[in-house]
Amino acid sequence: MAVPKRKTSKARRDKRRNNVWKINAPALVRCSSCGEYKRPHRLCPACGKYKNREVVNIAE
């Protein structure tokens, strides 16, 4: 049975795992009505519209 001869150091272990925990930046798209950047398939925080329909009335 294969058994490690030495304990794997924390640095070596973490170097091996460093790609597992990377976070991707959220994708951004332009709002079709106001042009602000927003996350796809979500309500626009600037104008309150989703698919060119006003969902939330944002007072200006």
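These legends describe close-up views of a predicted model. Local features need pLDDT of at least 70, side-chain atom pairs count only at pLDDT 80 or more, and totals for chains, interfaces and linings use all residues. Residues are numbered from 1 along each chain as its sequence is written, and side-chain values use heavy atoms, with hydrogens and water left out.

**View 1. Lys38, a buried lysine in strand S2**.
Strands are DSSP runs of E with at least two residues, numbered from the N terminus. Lys38 lies in S2. Lys38 is buried and has no salt bridge. Buried means under 20% relative accessible area, exposed over 50%, and partly exposed in between (1.4 Å probe, protein chains only). A salt bridge puts a side-chain nitrogen of Lys or Arg within 4 Å of a carboxyl oxygen of Asp or Glu. For Lys38, the nearest side chain of opposite charge is Glu36, 12 Å away. Lys and Arg count as positive, Asp and Glu as negative; His and the chain ends are not counted. The Lys38 side chain instead reaches the backbone oxygen of Arg42 at 3.0 Å. That is a polar contact: a pair of N or O atoms within 3.5 Å, where within protein one must be able to donate a hydrogen and the other to accept it, and residues adjacent in sequence count only if both atoms are side-chain atoms. Leaving out residues up to four places away in sequence, Lys38 touches Ala27, Leu28, Val29, Cys31, Leu43, Cys44 and Pro45. Contact means heavy atoms within 4.5 Å.

**View 2. Pro45 in the loop between S2 and S3**.
The loop runs between strand S2 (37–38) and strand S3 (49–50). Pro45 is exposed, at 62% relative accessible area. Beyond four places in sequence, Pro45 touches Lys38 and Ile58. Cys31 is 14 residues away in sequence, with a C-alpha to C-alpha distance of 9.6 Å from Pro45.

**View 3. A nonpolar surface patch**.
Leu43, Val55, Val56 and Ile58 make a patch of about 300 Å². Patch residues have over 30% relative accessible area and no salt bridge; like charges are joined within 9 Å, nonpolar side chains (Val, Leu, Ile, Met, Phe, Trp, Tyr) within 5 Å. Areas come from the Shrake-Rupley method with a 1.4 Å probe, and for residues only the protein chains shown count as cover. Val55 lies in the segment after strand S4 (53–54). Val55 counts as exposed, at 54%.

**View 4. His41 and Lys51, two residues with positive phi**.
Most residues other than glycine have a negative phi. Phi of His41 is near 65 degrees. Phi of Lys51 is near 55 degrees. His41 lies in the loop between S2 and S3, and Lys51 in the loop between S3 and S4. His41 is exposed at 69% relative accessibility. Lys51 is exposed at 63%. The C-alpha atoms of His41 and Val29 are 9.4 Å apart, across 12 residues of chain.

**View 5. The salt bridge between Asp14 and Arg13**.
A search of the whole structure finds 1 salt bridge. The side chains of Asp14 and Arg13 meet at 3.1 Å, N to O. Asp14 is partly exposed at 40% relative accessibility. Arg13 is partly exposed at 30%.

Definitions and conventions: Helices (H or I, at least four residues) and strands (E, at least two) are DSSP runs, numbered from the N terminus.
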